[in-house]
Amino acid sequence: MNELESIRHKLEQAIGHLEARFLEREELIRVLLLGLMAGENALLIGPPGTAKSQLARALSQLFGSGRWFDYLLTRFTTPDEMFGPVSLQRLKADQYVRQTDGYLPVADFAFLDEIFKANSAILNALLSILNERVFFNGQEKQDVPLLFLIAASNELPEENEQLAALYDRFLIRYEVGYLKQMSSYEKMFQLPGEPLPALLSLRDTETVRRESEGVVIPETLIYMLYQLKTELEAKEFALSDRRWRKIGQLWKTSAALNGRREVNVWDTVYTPHMLWDLPEDYGTLKEIFQKVFQEGLKQETEKELPLRRYDRIAKHWLEEEDALHAFQFKKEVGGRLSKEEQDKARANLEECRLELEDKARELQSKLVQWLQREKDLPGYIRNRNFLLLQTAEYAVKYTHLRIQGERILQSMQGLYRTLFDREIPGVQYDYTL
């Protein structure tokens with residue numbers, strides 16, 4: 001087992017421990033772990049009492065030795081409370097320097113509650129910490145070791161330029177609500193109480209981030225990102241270039257965690273949680289993303305099931321159907337064509353016959369193989385990305401591709417039957433499966 005496989009195994013164990021303690025938070029747990037490994041900040045929106053701070057603390061406990069900082073912000077919170085008091089000894093030497101030990105600038109993990117209630121004095125320092133991981137301590141530029149910061153708020157920021165800049169620093173946005181299922185209330189009174197094991201290390205995050213730097217985003221996925229951007233802008237949703245770049249970086253982290261050197265479409269599934277500014281827009285944005293995702297999935301499966309190519313062939317001969325059928329009809333009624341016209345039409349008809357037979361057999365074979373895969377599509381999909389949750393939901397997308405292939409095969413068979421008055425030799429496919 002190599003280092004990345006070991007990290008992946010530990011993350012799967014971590015997910016199990018967290019799911020046992022935080023009910024109905026399966027997707028959120030995976031999104032936060034992915035964000036943690038990518039070094040991106042997360043914002044949780046929701047009412048009090050939804051275990052936001054508990055989940056943030058639990059994530060840090062999985063790392064054992066990581067330094068933790070959390071604070072509830074108000075309009076009256078001072079910079080001293082967040083970044084440490086001013087050093088009196090250094091002040092005597094005319095140096096304005098804070099003693100940061102035990103405060104946010106030296107934390108590995110942090111949770112800031114009611115983040116948008118911070119005043120401007122705190123906001124200015126937070127912006128550089130969140131984005132560049134740098135704290136300007138007087139005239140000194142202090143590197144911040146922060147691995148992951150989760151912020152929470154009961155409400156979104158009002159119209160304020162500084163708060164908008166702060167908001168943009170949170171790539172991951174997730175709306176957290178109260179428990180809904182009866183089974184969760186049954187389990188709520190029997191949750192594990194023992195401390196979480198220190199499964200992960202700070203070195204694990206360094207390894208993942210180093211590996212993700214070498215991951216490539218192929219042209220097809222860059223096009224998918226641009227297509228998503230275009231679709232969103234058509235609906236008047238706009239994201240900053242910084243967020244688009246960070247989305248791509250998160251995809252690369254997902255690929256690295258799955259042991260790949262290239263991003264594939266399955267690394268993009270949690271993207272809708274990085275797109276919205278208002279929680280009520282999430283449904284619309286997810287719908288737009290799913291449309292682009294389905295196209296990306298079709299593009300990725302082209303090597304195994306090249307639907308575009310088969311569809312292009314079927315459409316080409318369907319466009320020629322009238323001319324080919326006219327030639328057959330003229331032969332039957334004795335219509336006269338010049339020898340050159342006859343030879344050309346005959347050659348065209350023969351080319352049609354051979355290509356339809358060849359491609360229909362080929363497509364049938366691929367569809368049969370596809371049906372074999374569908375016997376365990378959830379397992380196949382999970383092997384593409386171990387962080388995926390609703391694999392059955394995504395299995396439906398593969399089924400849709402197979403159905404498209406079946407429609408193309410039917411159109412080929414129908415055209416062949418019309419032109420040659422018989423079935424395509426060797427092509428027998430059960431459409432009732």
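Is Arg203 buried or exposed, and what is its relative accessible area? In this predicted model, local features need pLDDT of at least 70 and side-chain atom pairs count only at pLDDT 80 or more, while totals for chains, interfaces and linings use all residues. Residues are numbered from 1 along each chain as its sequence is written, and side-chain values use heavy atoms, with hydrogens and water left out.

Arg203 is exposed, with a relative accessible area of 56%. Here buried stands for under 20% relative accessible area, exposed for over 50%, and partly exposed for values in between (1.4 Å probe, protein chains only). Arg203 forms a salt bridge with Glu3, and the closest N and O atoms of the two are 3.4 Å apart. This pair links distant parts of the chain, with Arg203 in helix H9 (residues 202–213) and Glu3 in helix H1 (residues 3–21), 200 residues apart. Helices (H or I, at least four residues) and strands (E, at least two) are DSSP runs numbered from the N terminus. Glu3 itself counts as partly exposed, at 33% relative accessibility.

The structure holds 33 salt bridges, each defined as a side-chain nitrogen of Lys or Arg within 4 Å of a carboxyl oxygen of Asp or Glu. Another of these joins the side chains of Arg243 and Asp277, at 3.1 Å from N to O. Arg243 lies in helix H11 (residues 241–257) and Asp277 in the loop between H11 and helix H12 (282–300), so the pair ties together parts that are 34 residues apart in sequence. Arg243 is buried, at 2% relative accessibility, whereas Asp277 is partly exposed at 32%.

A local example is found in helix H13 (residues 307–319), where Asp311 and Lys315 are four residues apart and thus separated by about one helical turn. Their side chains meet in a salt bridge (3.1 Å, N to O). Asp311 is partly exposed, with a relative accessible area of 25%, and Lys315 also counts as partly exposed, at 48%. Elsewhere, salt bridges that share partners join Asp168, Arg173, Arg242, Arg243 and Asp277 into one network.

Turning to nonpolar side chains, Met182, Tyr185, Met188, Phe189 and Leu191 form a surface patch with about 530 Å² of accessible area together. Such patches are made of residues with over 30% relative accessible area and no salt bridge, with like charges joined within 9 Å and nonpolar side chains (Val, Leu, Ile, Met, Phe, Trp, Tyr) within 5 Å. Accessible areas come from the Shrake-Rupley method with a 1.4 Å probe, and for residues only the protein chains shown count as cover.
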